Amino acid sequence: ESREVDAPDHVINTVRAQIVPLIPPNFCSDSDFRSDGYLDDLVSCVLDSVGSVGVRYTNVINGLEKYRSYCQANFGFVPTTPKEFLSAFASDISDPDVLASAIWTRHRTATRGGILKVEAMVRWLTILDRYGIQSPQELVAKIDDVKLKQELLKVPGQSRYVSLIYFFMLAGYRDGVKDDRMIQSWFKEECGLRLETPVKAVSFMIIAEELRNQYPCMT
C-alpha cells in the first residue's frame with residue numbers, strides 16, 4: 001500500500017550541502033555519468049539486480065558474461081525476455097544446481113534461509129512472464145502494481161526493497177535509490193543522518209529537480 005513520504009527541510013538542506021560539491025561541471029556532457037541499465041533486455045535487469053546484493057559488482061559483470069557466453073554457444077542467441085529465457089532453459093529450470101554451474105555462481109540470496117541466486121532469478125522471470133511483462137518499458141509501467149511487487153518480494157532473500165527498486169532502476173525508472181551499504185554509509189558518515197529508504201529517495205528527487213536548471217540531465 002502506497003503512502004505519502006515527506007523529506008523535512010533540514011534533511012534536504014543537509015543532503016544538498018553534501019551533494020552539490022561532488023557534481024563536476026561536465027556532468028551533463030560526459031557519458032561516464034549517465035545512468036546504467038538495460039533498456040532492451042529485461043533478463044539482464046533481473047540477473048543484475050538479484051545477483052548484485054551482498055557481493056562485489058565484479059561478480060555480476062562476470063556472471064553476465066558467463067550467461068551470455070553460454071547462451072551464444074548453446075542457443076546461438078542471448079534471451080532478453082522472460083519468455084525467451086524460460087523457453088531456452090526449460091530443461092534446466094527444475095535443477096538450480098545445474099543452472100548455477102552453467103550460467104551464474106553458487107552464491108545464495110541470504111546466508112540463512114536463502115536460495116541459490118539463480119533460482120531466485122528464475123522465480124522472478126516466471127512471475128514477470130505470468131504478468132505478461134517482457135520488456136523493461138513494460139516493467140516500469142507497472143511501478144505502482146502492488147500485487148506484482150509483493151510477489152517479487154516473497155522470493156527468499158528479496159524481502160528488502162534493495163533488489164526490487166534497483167530492478168526498476170535498471171529498467172529505466174529514474175526516481176529510485178538502491179539503498180545498499182554504500183548509500184547507507186554515505187548518509188550516516190557524510191550527512192549524519194539515519195533515514196528510511198523512501199525519505200532518501202524523496203530528498204534526492206527534490207534536489208535533482210532543483211538542480212535541473214543547471215544540469216538538464218539530472219535525475
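Reader: What does the side chain of S203 reach?
Author: In this predicted model, the side chain of S203 reaches the backbone oxygen of K200, at 2.7 Å.

Reader: Where does S203 lie?
Author: S203 lies in helix α11, which covers residues 197-211.

Reader: Buried or exposed?
Author: S203 is buried, because its relative accessibility is 0% and the cut-off for buried is under 20%.

Reader: Which residues is S203 in contact with, leaving aside neighbours within four places in sequence?
Author: Those are A7, V11, I12, V15 and F187.

Reader: Back to K200. Which side chain does a polar contact join to that of K200?
Author: The side chain of D179, at 2.9 Å.

Reader: Where is D179?
Author: D179 sits in the loop between α9 (161-170) and α10 (181-190).

Reader: And is D179 buried or exposed?
Author: D179 is buried, since its relative accessible area is 5%, and buried means under 20%.

Reader: What else does D179 touch?
Author: Not counting residues up to four places away in sequence, D179 touches R160, V162, Q184 and T197, as well as K200.

Reader: New topic, helix pairs. How do α3 and α5 pack?
Author: The axes of α3 and α5 are 8 Å apart, and the angle is about 95 degrees. The two helices are therefore roughly perpendicular to each other, a class that runs from 65 to 115 degrees.

Reader: Which residues meet there?
Author: From α3, G63, K66, Y67 and Y70; from α5, A100, S101, A102 and I103. By class, this contact of α3 with α5 has 5 nonpolar, 2 polar and 1 charged.

Reader: Which residues of α5 are buried?
Author: In α5, residues 96-103, the buried ones are P96, L99, A100, A102 and I103.

Reader: What do they pack against?
Author: The buried residues of α5 pack against α3, α4 (82-88) and α6 (117-130).

Reader: And α2 with α3, what is the angle there?
Author: The axes of α2 (residues 42-52) and α3 (residues 57-74) cross at roughly 145 degrees and come within 9 Å.

Reader: Is that crossing left-handed or right-handed?
Author: The crossing of α2 and α3 is right-handed.

Reader: Which residues make the contact between α2 and α3?
Author: V43, S44, L47, D48, G51 and S52 in α2 meet Y57, V60, L64, Y67 and R68 in α3. This contact of α2 with α3 divides into 6 nonpolar, 3 polar and 2 charged residues.

Technical notes
Residues are numbered from 1 along each chain as its sequence is written. This is a predicted model: local features need pLDDT of at least 70, side-chain atom pairs count only at pLDDT 80 or more; totals for chains, interfaces and linings use all residues. Side-chain values use heavy atoms; hydrogens and water are left out. Axes are lines fitted to C-alpha atoms, for helices over the stretch in contact, and angles run from 0 to 180 degrees between N-to-C directions. Helices (H or I, at least four residues) and strands (E, at least two) are DSSP runs, numbered from the N terminus. A crossing is left-handed if the near helix is turned anticlockwise from the far one by less than a right angle, and right-handed if clockwise. Contact means heavy atoms within 4.5 Å. Ala, Val, Leu, Ile, Met, Phe, Trp, Tyr, Cys and Pro count as nonpolar, Asp, Glu, Lys and Arg as charged, and the others, Gly among them, as polar. Buried means under 20% relative accessible area, exposed over 50%, partly exposed in between (1.4 Å probe, protein chains only). A polar contact is a pair of N or O atoms within 3.5 Å; within protein, one must be able to donate a hydrogen and the other to accept it, and residues adjacent in sequence count only if both atoms are side-chain atoms. Angles under 35 degrees count as roughly parallel, over 145 as roughly antiparallel, 65 to 115 as roughly perpendicular and the rest as oblique.
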